[in-house]
Structures are given as C-alpha cells and as structure tokens.
Amino acid sequence: MSLTLSKKLHSLLTSSTRVVVFTGAGISAESGVPTFRAAQGLWKEFPVEKLATPQAFAEDPVRVWQWYCWRRELISKTHPNAGHRAIVRFEGFFDDFHLITQNVDGLHGFAGSRRMLKLHGDIWDVICSSCERSRLELTPVLSPLPPRCQCGGILRPGVVWFGEALPSRVFAAAVEAASKAQLFFSIGTSAEVYPAAQLPQIAKLHGAYVVEINVERSALAHIAHEVLLGKAGEILPELTGCLRDTPQGLALAGA
Ligand code: BV8
Ligand code: ZN
C-alpha cells in the first residue's frame, strides 16, 4: 500500500512537537476486537441501553457483569496490532505527545503506550459500586456473578457507561492536549459519542491540522483537513516510515 501524504502533512510530521492521537474501536479491529457500529458490531447484537448504562446494572447486575466477562474473555485472546505499535513509536518520536483513547480493551497499554488518557475507563479495572474503591484485575475473574468488595458492595467494570460523566481530570487533560496540538490524528472512530467527539473540533478550533485515518469517511470527515482512507494497521506503520528519515528519526533509529 503506497501512502500519499500532502506536502503540508509531510512537513508537519517532521516539524511538529505537540501531537495528539485520538483513537476508537477501529484501531483494535485488526486485532479481532469487534467495533461497536459495524454490522457485527457490539451495539448491533446487544442493546447498549440494556448493558452499558448504570440503570441496566442496577436492574440486572449479573447480565451486565456476564456481558463484560464475555468481552474480557474475547479481548484476552487478542494482541496489539501494527497500528498500536506504530503509535508507541510516535510517542517516542514527538516531544509533547498524547494518546487519547475511547477504547477500554487495554491493547494500547499492552503495546507499550504510556502517555495515554483513557476517556472511557478500562475493562480490566473493577470499581466498587458502593465505596468506589477501584482495582486493576489482569487475571480476569470470569466469575458468573459480580464479585463483592471488602465493604460488601458489588464490583462493576471500571468503564464509563452512557449517562455517566467521564473522569473529570482525564477529560480536562484531553481538552488541554487537543487545544495545544499542532497535529491531531483521529484514528478508527465514528466520532459519534460525546463528549469525546468534541476533541477533534476543539483541536481544529485552536489551529491544529486534523487528519482522519479510517476505512471510510466518518462524521469527522467534514472537519478534517486531510482524510487517509485505509486500515490503521497498514497506514500507521507507513507514517512512522516518514518519521524515520528525519534527524530525530535517524537519532531514534540510532543511526
Ligand atoms: C454523558 C465504555 C452526561 C463502555 C463508552 C451530545 C449529543 C448527543 C448525545 C450526547 C451528547 N452528550 C451526551 C450524550 C449522550 C451519550 C452519547 O454520546 N450518545 C451517542 C450514542 C449519541 N454520551 C454519554 O452518555 C457520555 N456521558 O454524556 O454523561 C453526564 C455529564 C455530567 C454528569 C453526569 C452525566 C458517556 C459516553 C461514554 C460511553 N461509554 N464505552 C463500554 O465500552 O462498554 S462509548 C463506546 O462507544 C466507545 O468507548 C466509543 O466511545 C463508542 C464507539 O465509538 P467508536 O470507538 O468510534 O467505534 P465505532 O464502532 O462507532 O466506529 C469504529 C470506526 O472505526 C468506524 O468509523 C469504522 O469505519 C472504523 N474502522 C473499522 N475498522 C478500521 C477502522 N478504521 C481504521 N482501521 C480499521 N481497520
Ligand atoms: Zn466497596
């Protein structure tokens, strides 16, 4: 696949220091994690309002817990792909880099991303629905019933459900990074869930060059300065190729 970049994007790739990458389910599609809106997407098969809302959990915690166990088991059989790995290289290349993700699958972290803002939480976290203590569970407890906290409260997946506020500090840091960005990549998202979908618009309003990478034009395409159509796992490694033949890139490659 030969990637054609505009002169503008090529020069920004080699001159920018403040860069943001914003991701959605599409970056994990090539790892085998179902997206939400695709034909077999999660929201097509399962009624989101019956599974990813606080009301659904209050109504039937077992059904909701089992659905997240099913997703954890599915994700535990997948691995980060070339797209996730390319973003780790971006992090090493740009001085002021931020990865802002809507994904709860943990694959960015498993790939090695560190400067990351998880807007919608992490499916490997659990939170007590009474005392709100949270803990990371890398050995997924695929128990049929939601476990109990030491306070007796029911544990729930550490994700942000519809109708729930995003973690305020994380969202504030995401807005700040987007407002300062020179280059803003939106990768594999339909940009239909708010307030996350505001971030590309905030970046553009503050002068960033907004690039969409997607297999199809999304709700974002009309505000992006440039759209690179194709799979993230194929386009991103090529983009890092453009970085390599720059002074920093050569330095990084230890030339
Ligand atoms: C809140 C965690 C209030 C859980 C998730 C304004 C206008 C309209 C509605 C609202 C609004 N403000 C708020 C709302 C309501 C709601 C909302 O946005 N609804 C939508 C549906 C209209 N928002 C909320 O409820 C938010 N909370 O507003 O609270 C509040 C405020 C203060 C105090 C109290 C309350 C909370 C939203 C977060 C919900 N949680 N996830 C879980 O995962 O189970 S959202 C979840 O769905 C994901 O995290 C993600 O954000 C979203 C799915 O979107 P994508 O990731 O983009 O995936 P999708 O399948 O749609 O698209 C994939 C894309 O990839 C496609 O474009 C495809 O073409 C592309 N692709 C596929 N393969 C590839 C590819 N691209 C590249 N390469 C490939 N290989
Ligand atoms: Zn508790």
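Trainee: How many helices and strands does the chain have?

Mentor: This is a predicted model, in which local features need pLDDT of at least 70 and side-chain atom pairs count only at pLDDT 80 or more, while totals for chains, interfaces and linings use all residues. Residues are numbered from 1 along each chain as its sequence is written, chains are lettered from A and ligands numbered from 1 in the order in which they are written, and side-chain values use heavy atoms, with hydrogens and water left out. Helices (H or I, at least four residues) and strands (E, at least two) are DSSP runs numbered from the N terminus, and the chain has 11 helices and nine strands.

Trainee: Which residues are the protein donors of the zinc ion (ligand 2)?

Mentor: Donors are N, O and S atoms within 2.8 Å of the metal (3.2 Å for Na, K and Ca), and since water is not among the atoms, sites may look incomplete. The protein donors here lie 2.2 to 2.4 Å from the zinc ion, and along the chain they follow the spacing C-x2-C-x17-C-x1-C. They are the SG atoms of Cys 128, Cys 131, Cys 149 and Cys 151.

Trainee: What is the site of the zinc ion (ligand 2), given the angles among its four donor atoms?

Mentor: Four donors count as tetrahedral if all angles lie between 85 and 135 degrees. The angles among the four donor atoms of this zinc ion are 102 to 121°, and the site is tetrahedral.

Trainee: Is Cys 149 buried or exposed?

Mentor: Buried means under 20% relative accessible area, exposed over 50% and partly exposed in between (1.4 Å probe, protein chains only). Cys 131, with 33% relative accessibility, therefore counts as partly exposed. Cys 149 has 9% relative accessibility, so Cys 149 counts as buried.

Trainee: Where do the buried residues of helix H9 fall, seen down its axis?

Mentor: In H9 (residues 198-205), the buried residues are Leu 199, Pro 200, Ile 202 and Ala 203. Taking the directions from the helix axis to the C-beta atoms, these residues fall within an arc of 160°, so they line one face of the helix.

Trainee: Which elements do the buried residues of H9 pack against?

Mentor: Contact means heavy atoms within 4.5 Å. Just after H9, Gly 207 takes a positive phi of about 95°. The buried residues of H9 themselves pack against strand E1 (18-23), strand E2 (96-101), helix H8 (168-180), strand E7 (183-187) and strand E8 (209-214).

Trainee: Is Arg 114 buried or exposed?

Mentor: Arg 114 is found in the loop between helix H7 (107-111) and strand E3 (116-118). Not counting residues up to four places away in sequence, Arg 114 touches Glu 91 and Gly 109. Its relative accessibility is 59%, so Arg 114 counts as exposed.

Trainee: What distance separates the C-alpha atoms of Val 215 and Lys 231?

Mentor: Val 215 lies in the loop between E8 and strand E9 (226-229), and at 58% relative accessibility it counts as exposed. Leaving aside neighbours within four places in sequence, Val 215 is in contact with Leu 229, Gly 230 and Lys 231. Val 215 and Lys 231 are 16 residues apart along the chain, and their C-alpha atoms are separated by 5.5 Å.

Notes:
Tetrahedral: all angles 85-135°; square planar, octahedral: opposite > 155°, others 65-115°.
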